[in-house]
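Visitor: I have a structure open and I'd like to learn how to read it. Could you walk me through it, one feature at a time?

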Amino acid sequence: MSATEPWVGRPLPRFEDDVLLRGEGRFLDDLSPVAHTCHAAVVRSQLAHAGIVVDVRAALAAPGVVGVLTGADVMALSRPFPAGIDSGTPQYATAIETVRYVGEPIAVVVARDRYLAEDAAELVDVDYDPLDAVLDPVAAAATAVHDRTFAYGDVTAAMAQADLVLRQTFHVPRFTCTPVECYAVVADWDATEGRLTTWANFQGPFTLHGVAAAALGLRGDRLRLLTPPDSGGSFGTKSSVFAYIVLMGLASRHLRVPVTWTEDRLEHLASSAAATGRTTEVEAGFTADGRLIAVRYDAIEDVGAYVRAPEPATLYRMHGSLTGAYTVPNVGVRNRVVLTNTQPSGLNRGFGGPQLYFGLERTMAIAAKRLGLDPAELARRNLIPADAMPYRTPSGALYDSGDYAACLDHALELADYAGLRTRVEKARADGRLAGIGIACIVEPSISNMGYITLAQTADERALTLPKSGNAEGASVSINPLGGITVRLATTPQGQGHRTVCAQVVADTLGCTPGEVTVMSEMDTASVPWTVASGSYSSRFSGVAVGAVQAAALKLRAKIDAIRAHAGDENLSLRRVAGMAHWNPEGRPAGEEPGLSAVAFWAPPTLDPPDDEDRIASSAAHGFIVDICAVEVERATGQVRVLDYVTVHDAGRLLNPLLADGQVMGGFAHGLAAALYERHVYDESGNLMTASLVDYLTPTAPDIPALRIGHLSSPSPVTALGAKGIGEGNTMSAPACVANAVADAIGRDDVELPLTPPRVWNLLDHGDGG
Amino acid sequence: MTEITVTVNGQTVVEQVEPRLLLTDFLRHRLGLTGTHVGCEHGVCGACTVRLDGVAVRGCCLLAVQTDGSVVETVESLAGDGPLSPLQAAFKRHHALQCGFCTPGILIAAEDLLSRGHPSHEAIVDMLSGHLCRCTGYTPIVAAIEEARDAPALARAEEPAG
Amino acid sequence: MKPVAFEYVAARSVEEAIAALGRDEDATPIAGGQSLVPALNMRLVRPTLLVDLNRAGLGTIESNGVLRVGATVRQATLEHDLRAHPLLREALPLVGHFVTRNRGTVGGSIAHADGSAELPVCLAAVGGTIVAEGPGGRREIEPDAFFVTHFLTTLRPGELVVATLWPQSEEHEGSAFEEFALRAGDYALSMVAVVLRRVDGVAQNVRIRVGAVTDRPTGITGAQAALEGVSITAAIAQEAGRIAAAAVDPPGSIHATPGYLRALTGTLVERAVLRAWERAG
């Protein structure tokens with residue numbers, strides 16, 4: 001092992017950058033993986049809910065058209081997507097006889113190029129027979145397609161004993177992360193072999209590969225899925241591209257040509273994957289001295305028109321962390337899933353965290369006011385103490401490590417909390433509206449694939465195979481000339497996996513990161529993978545790194561054996577490789593020939609749910625304290641962030657430069673949800689935020705400076721002690737900013753997004769104007 | 001079909017184009033210059049920004065046929081076959097890109113802004129308001145542009161080894 | 001998002017452009033294209049012929065008592081022209097973004113007549129003129145007689161905006177432009193341009209034009225009248241704002257209620273009036 005400082009932990013700039021900076025990135029639309037491909041345009045519903053009759057004759061006759069895939073073809077060639085619950089409303093790759101949201105695919109026109117395909121798509125005649133649209137999820141709760149209640153401890157008794165019981169309803173609107181690159185799919189059906197080869201900027205989890213295969217009626221090995229070297233951001237949304245893998249696969253199969261489809265922005269906003277909308281009534285019981293002794297959630301989850309896999313995962317991802325960062329012994333939750341005639345939901349950064357913590361952290365802020373306590377003090381009285389770690393929450397999560405009080409102290413110091421208070425008091429004395437908010441949240445990472453089975457009862461689970469864990473595979477190989485190649489199944493979209501893996505392998509093999517080639521292109525036919533593969537729930541730094549290190553360690557053991565066998569522990573890697581490849585007969589006894597290792601790794605704690613519905617829903621748990629101060633301009637309602645501090649404990653940082661990049665990016669998304677973004681449907685279900693002119697994403701002038709602090713409580717359950725850090729501020733910032741605005745304007749009913757007109761409407765203007 | 005003669009990254013090309021062919025599609029799929037990216041096709045996200053006759057413009061808001069007789073430069077021309085430009089090197093140092101999809105458009109616009117003088121912090125931030133990035137939170141991008149503005153010689157130093 | 005198929009002609013002169021437009025009733029002129037090409041990509045506009053004006057000789061600025069800005073002068077060019085009216089120099093940096101101003105044109109913005117655009121409001125506030133040319137010849141049109149509603153002007157079929165005329169700033173004149181958008185560079189929720197003179201301690205020739213909350217640049221005559229001949233104080237500016245708020249009747253949108261837009265307009269008028277007054281001093 002090298003005697004110098006390890007590579008892991010250094011803020012190394014990325015190997016990914018040179019190519020991207022030169023414009024030599026290889027995003028899927030840059031590549032032509034299949035010769036003679038044709039191009040698809042999707043005909044989409046103009047109405048939110050209607051019976052449809054489709055006539056494609058004019059489209060078929062249009063110039064350059066190869067053919068059209070209709071709902072009838074889809075129904076003949078495929079099955080509905082399997083989903084986590086049976087909603088009674090099966091979803092195919094296209095609408096069949098009924099459309100259920102504006103933007104839903106109805107048919108696919110395939111032509112020589114995209115221009116001609118769009119010309120022909122306009123000629124597809126769709127006759128609509130309008131039906132009533134369901135748009136209010138709360139009103140739809142009466143016909144919920146899922147309704148499960150969980151209770152841990154004795155919530156009712158605790159509420160009865162509480163000195164203060166708060167009850168408030170919170171709403172988190174539908175938000176979508178909008179990566180700058182939209183979906184892209186290339187599908188090439190081989191009729192002779194009955195096999196689909198498809199490229200897509202898919203991000204995992206690869207459970208969805210199985211869903212796609214099932215819909216296509218294919219055995220898993222008959223669906224070969226490849227991803228391009230580069231993906232232009234995803235933040236969860238590109239997990240749902242699986243639906244279009246199926247759609248374009250069917251088009252290729254039906255029309256017997258390779259099909260390329262590049263989604264445009266209007267399609268992406270209408271029909272990719274917005275986050276769920278959630279309305280939650282939170283009931284919380286406190287003692288007079290501010291201890292939170294019980295919390296109960298009644299959640300109504302709007303998943304859009306269909307329950308599309310992996311839903312209802314957004315509801316259950318956070319299940320182990322229902323009590324957040326606090327020592328609450330009694331917690332209950334009622335989860336209801338409703339369908340509305342809006343776009344289906346899917347993974348979006350934070351995935352359940354923003355929805356949960358908005359309710360919990362707003363409740364803490366309101367409680368602090370009622371109890372006459374500073375919100376930081378209220379948090380302090382409830383934070384899980386360091387000596388309780390590892391801490392088992394009532395709903396089953398095992399918080400692996402953390403010193404929450406120390407984090408809070410660090411955040412208060414970094415923010416100069418007393419100074420902020422003074423600044424706010426002075427502003428108020430001048431007649432201005434100013435306030436401070438805090439949020440203390442646990443950021444879970446590495447999802448337990450078994451959490452989705454909480455949607456079933458224990459009895460129902462007993463009848464099926466259990467689901468658990470989060471495993472990853474990786475391979476590390478050394479070629480005859482000593483070159484090192486790593487293959488990953490994590491499908492990164494900018495997180496820098498190749499650089500971090502190179503750092504890990506360099507430390508393990510005793511070389512430099514520049515000597516390690518890491519390939520992140522995925523190929524289900526040749527790269528080691530599991531159903532959990534991909535990037536989501538910020539699993540890379542825990543699980544993928546574990547797999548890479550495990551494979552590298554296997555290789556290291558073999559290299560050491562070869563060196564020992566040769567009697568020279570300083571034999572270069574290049575020499576070892578030459579010997580291993582060219583003289584396999586000279587290898588040490590008991591060793592396989594070659595110089596390559598595959599390893600799979602999983603964190604140890606992710607069991608299936610138990611019979612009491614407790615689950616370790618995530619393996620690692622970071623902790624974040626956000627503190628922000630805002631001023632609200634009375635005349636316009638504009639919220640100006642005066643200062644924003646965030647302190648993260650994400651365990652060991654494998655690359656601090658990249659870690660801070662994730663924090664800033666997550667903060668930008670969280671701030672966007674707090675102040676700018678939501679999808680809006682009108683009373684007929686038309687999408688009003690249909691382009692980037694109306695779906696307003698913040699740009700540089702809109703993002704305030706972020707001051708970041710770090711503490712480190714390494715995780716005992718991940719290979720290198722790292723915890724996920726990619727999602728935290730999307731979970732904390734909406735609540736933190738809302739708390740600050742609520743403090744500034746003296747209202748509890750602040751709702752996201754806190755745009756100037758919406759805030760202004762909450763202010764008292766005297767004349768009621 | 002119309003014949004156009006346009007100089008792209010220093011090379012003169014003669015092509016037959018349909019009037020409706022967007023410049024972005026012409027560059028990417030006819031000429032194989034895939035460094036210019038398409039994010040919205042309605043002029044908002046800025047990923048498609050290229051240089052036309054010396055100024056940064058939206059590639060998705062131009063028809064290829066309109067560039068007849070003009071000079072077009074794309075991100076591929078910034079470094080060519082040589083080392084990263086000072087601005088590109090600064091981006092790398094500051095981790096001003098993650099997925100890299102918005103980056104080419106921002107590089108072109110930033111180079112335009114820097115070529116006009118010494119932009120203030122506010123001018124840089126204002127220029128960036130025309131570019132959507134979902135990965136970085138913008139702060140490192142501003143820092144990289146400011147570094148390139150202030151010390152181009154320093155930024156030209158060799159990229160860090162690794 | 002690809003346009004429909006169309007023919008294309010790059011006009012080398014105004015005459016050629018007018019002749020081409022005259023040949024085809026579904027012909028559309030294109031200048032900067034920052035509004036038109038997105039509309040083409042969304043297939044909201046479906047021309048059979050696109051007449052490109054960018055090389056038709058309309059790209060010059062001349063100063064001759066008034067500033068004559070050729071229709072295809074880029075917004076960025078006028079933004080940095082020191083001869084431009086101070087109101088323009090304040091408003092132009094708010095038009096679109098740095099990159100879109102490199103290509104977007106002054107004349108194109110005027111002809112497009114988006115009620116949320118800054119240039120029409122500025123032209124109306126300074127008392128400028130639109131120069132149009134068509135099969136029937138050339139004519140000059142006042143802004144009030146030009147802008148009808150969103151995307152609709154009194155241009156006749158086959159007629160083009162060839163230039164706009166911008167008066168020079170007068171002695172003792174002050175101007176101010178205010179707008180408020182949800183994000184930097186967005187379409188404004190409301191915008192206000194004020195031009196006035198300050199003579200012998202009182203305001204004269206007060207012109208207040210609002211946009212975005214109206215479908216065309218709209219004068220707030222009541223507020224103008226209240227300021228005429230008056231020494232403007234904070235309270236008086238506030239009153240002008242109140243009059244303006246009551247004078248506009250904006251429809252709500254997904255982003256803002258009518259009540260908000262009225263109040264916002266009042267705030268912007270108040271601010272613009274005060275700043276114009278201070279600058280005239």
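**Reading the model, step by step**

Guide: Let's start with one residue, A:Val109. Setting aside neighbours within four places in sequence, A:Val109 is in contact with A:Ala40, A:Ala41, A:Val43, A:Ala59, A:Val65, A:Val68, A:Ala117, A:Ala120, A:Ala121 and A:Val124. Keep in mind that this is a predicted model.

Visitor: Which nonpolar core residues have the most contacts inside the largest core?

Guide: A:Val109 is on that list, along with A:Val110, A:Val505, A:Val548, A:Val737 and A:Val741. The largest nonpolar core has 424 residues.

Visitor: Now a residue from elsewhere in chain A. Is A:His765 buried or exposed?

Guide: To decide, count the other C-beta atoms within 10 Å: 12 or fewer means exposed. A:His765 has 12, so A:His765 is exposed. You'll find A:His765 in the segment after α20 of chain A.

Visitor: How many Å separate the C-alpha atoms of A:His765 and A:Ser732?

Guide: They are 31 Å apart, and the two residues sit 33 residues apart along the chain.

Visitor: Let's zoom out. Which domains does chain A have?

Guide: When you read a domain assignment, look out for domains written as several stretches. In chain A, domain 1 is 17-24 + 471-601, domain 2 is 31-132 + 180-233 + 237-271, and domain 3 is 277-450 + 608-760.

Visitor: How many Å separate the centres of domain 1 and domain 3 of chain A?

Guide: Taken over C-alpha atoms, the centres are 37 Å apart. The contact between these two domains of chain A takes 18 residues from domain 1 and 22 residues from domain 3. On the domain 1 side, α15 (497-509) and α16 (540-566) of chain A each supply at least two residues. α16(A) gives the most to that side, with 6 residues.

Visitor: And what classes of residue does that side of domain 1 have?

Guide: The side of domain 1 of chain A that touches domain 3 has 7 nonpolar, 10 polar and 1 charged residues.

Visitor: What about contacts between chains? How many residues of chain A and chain B does their contact take?

Guide: For any interface, I'd take the counts, then the elements, then the classes. The contact takes 45 residues from chain B and 47 residues from chain A. In chain B, the elements giving two or more residues to the side that touches chain A are α2 (76-79), α3 (86-93), α4 (103-115), α5 (121-128) and α6 (139-150). The largest share of that side, 4 residues, comes from α3(B). By class, the side of chain B that touches chain A has 21 nonpolar, 17 polar and 7 charged residues.

Visitor: And how many residues of chain A are in contact with chain C?

Guide: 22 residues of chain A are in contact with 17 residues of chain C. On the chain A side, α4 (114-121) and α20 (756-760) each supply at least two residues. That side of chain A has 12 nonpolar, 5 polar and 5 charged residues.

Visitor: Now for chain C itself. How many helices and strands does chain C have?

Guide: Chain C comes to 11 helices and 14 strands. Its C-alpha trace spans about 60 × 45 × 30 Å along its principal axes.

Visitor: Which domains does chain C have?

Guide: The assignment gives domain 1 (7-52), domain 2 (61-167) and domain 3 (173-280). The centres of domain 2 and domain 3 of chain C, over C-alpha atoms, are separated by 21 Å. Their contact takes 22 residues from domain 2 and 19 residues from domain 3 of chain C.

Visitor: Let's finish with one helix. Which residues of α10(C) are buried?

Guide: They are C:Ala237, C:Ala240, C:Gly241, C:Arg242, C:Ala244, C:Ala245 and C:Ala247. The buried residues of α10(C) pack against β13 (202-211), α9 (221-227) and α11 (258-280) of chain C. As for length, α10 (residues 234-247) of chain C has 14 residues and reaches 20 Å from its first C-alpha to its last, close to the 20 Å expected at 1.5 Å a residue.

Methods. Residues are numbered from 1 along each chain as its sequence is written. Chains are lettered from A and ligands numbered from 1 in the order in which they are written. This is a predicted model: local features need pLDDT of at least 70, side-chain atom pairs count only at pLDDT 80 or more; totals for chains, interfaces and linings use all residues. Two residues are in contact if their C-beta atoms, placed from the backbone, lie within 7 Å. Ala, Val, Leu, Ile, Met, Phe, Trp, Tyr, Cys and Pro count as nonpolar, Asp, Glu, Lys and Arg as charged, and the others, Gly among them, as polar. Domain bounds come from an automatic or database domain assignment. A residue is buried if 20 or more other C-beta atoms lie within 10 Å of its own, exposed if 12 or fewer, and partly exposed in between; C-beta atoms are placed from the backbone. A nonpolar core is a set of buried Ala, Val, Leu, Ile, Met, Phe, Trp, Tyr and Cys residues joined through C-beta atoms within 7 Å. The expected span of a helix is 1.5 Å times one less than its number of residues.
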